[in-house]
Amino acid sequence: MSTTKFLLSMALPLLFLLSCKATKTDGNSHTIPKYSPIDAALHQSIAAMDATFFEAYNQCDLEKQASIYSDTIEFYDDKGGLMTSKQGIIDGTKKNICGKVTRTLVEGSIEVYPIKDYGAVEIGYHKFYNNQEPDAPSIPSKFIIIWQHSKDSWKITKVISLH
C-alpha cells in the first residue's frame, strides 16, 4: 500500500468523525424554554378575561359574549374557515353551542405576550365537552386569541381555533 493511500485511508474516517462532531448539537440547543410570563399583571388580566368570556360561553350569555367581541372580529377555525360577522358568530353560538357544549381551560396552559401599543396575545389549550354525550372523550386543542386594550376594556379582535 502506498503512503498516499495509507494516509487517505486513515484521514477519511477521521474527517468523517470530525464533521459529525461539528454538526452535532448539544442537548439544549433545540429545547423549548419553559414559559414564564413577561408581565405577570397582564397575564392575570388576560386569564381573568378568558374566564369571564368562557363563563358567558358556557352559560349561553350571548349579550356578554357580544360585549367582549370586537365589532371587527375575525374568527379563524381550521375546520370551519373564517367568520367576520360578529352577529354570525353569536347566532352560531346560540344555534350550535348553547346547552350542547361546555368549554374548560387546560389548567396552566395559558401563555400571554404583550403586543406593544395594542394589547396582548393569548395562547393556550382547552377542551370542549359534548353535553349530550357526557362519556365522549374530549381532546385538548390549541387556541390563539388577540386581545385589544382600549381605555379600560379588553376586546377580542381575532381568534384562531385549532382542533
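Trainee: Why is Cys98 called buried?
Mentor: Its relative accessible area is 17%, and buried means under 20%, exposed over 50%, partly exposed in between (1.4 Å probe, protein chains only). So 17% puts Cys98 in the buried class. Keep in mind that this is a predicted model, where local features need pLDDT of at least 70, side-chain atom pairs count only at pLDDT 80 or more, and totals for chains, interfaces and linings use all residues. Residues are numbered from 1 along each chain as its sequence is written, and side-chain values use heavy atoms, with hydrogens and water left out.

Trainee: And what makes Cys60 partly exposed?
Mentor: Cys60 comes out at 27%, which falls between the 20% and 50% limits, so it's partly exposed.

Trainee: How do you know that Cys60 and Cys98 form a disulfide?
Mentor: Their sulfurs sit 1.7 Å apart, and a disulfide is a pair of cysteine sulfur atoms within 2.5 Å. So the pair qualifies. A search of the whole structure turns up one disulfide.

Trainee: Which parts does the pair tie together?
Mentor: Cys60 is in the loop between helix 2 (40-58) and helix 3 (62-68), and Cys98 in the loop between helix 4 (86-96) and strand 3 (101-105), so the bond links parts 38 residues apart in sequence. Helices (H or I, at least four residues) and strands (E, at least two) are DSSP runs, numbered from the N terminus.

Trainee: Why is this disulfide called right-handed?
Mentor: The torsion about the S-S bond is about 75°, so right-handed it is.

Trainee: What makes the phi of Asp117 worth a look?
Mentor: Phi is near 55°, a positive value in a residue other than glycine. Asp117 lies in the loop between strand 4 (111-115) and strand 5 (119-130).

Trainee: Is Asp117 buried or exposed?
Mentor: Exposed: its relative accessible area is 74%, over the 50% limit.

Trainee: What about the phi of Lys151?
Mentor: Lys151 also has phi near 55°, again positive in a residue other than glycine. Lys151 is in the loop between strand 6 (141-150) and strand 7 (153-161). At 78% relative accessibility, Lys151 counts as exposed.

Trainee: How confident is the predictor in the protein?
Mentor: pLDDT is the predictor's confidence in each residue, from 0 to 100. The protein averages 87, and 82% of the residues score at least 70. Over residues 3-25, though, the pLDDT is below 50, and beyond near neighbours in sequence this stretch has three contacts in the model (heavy atoms within 4.5 Å).
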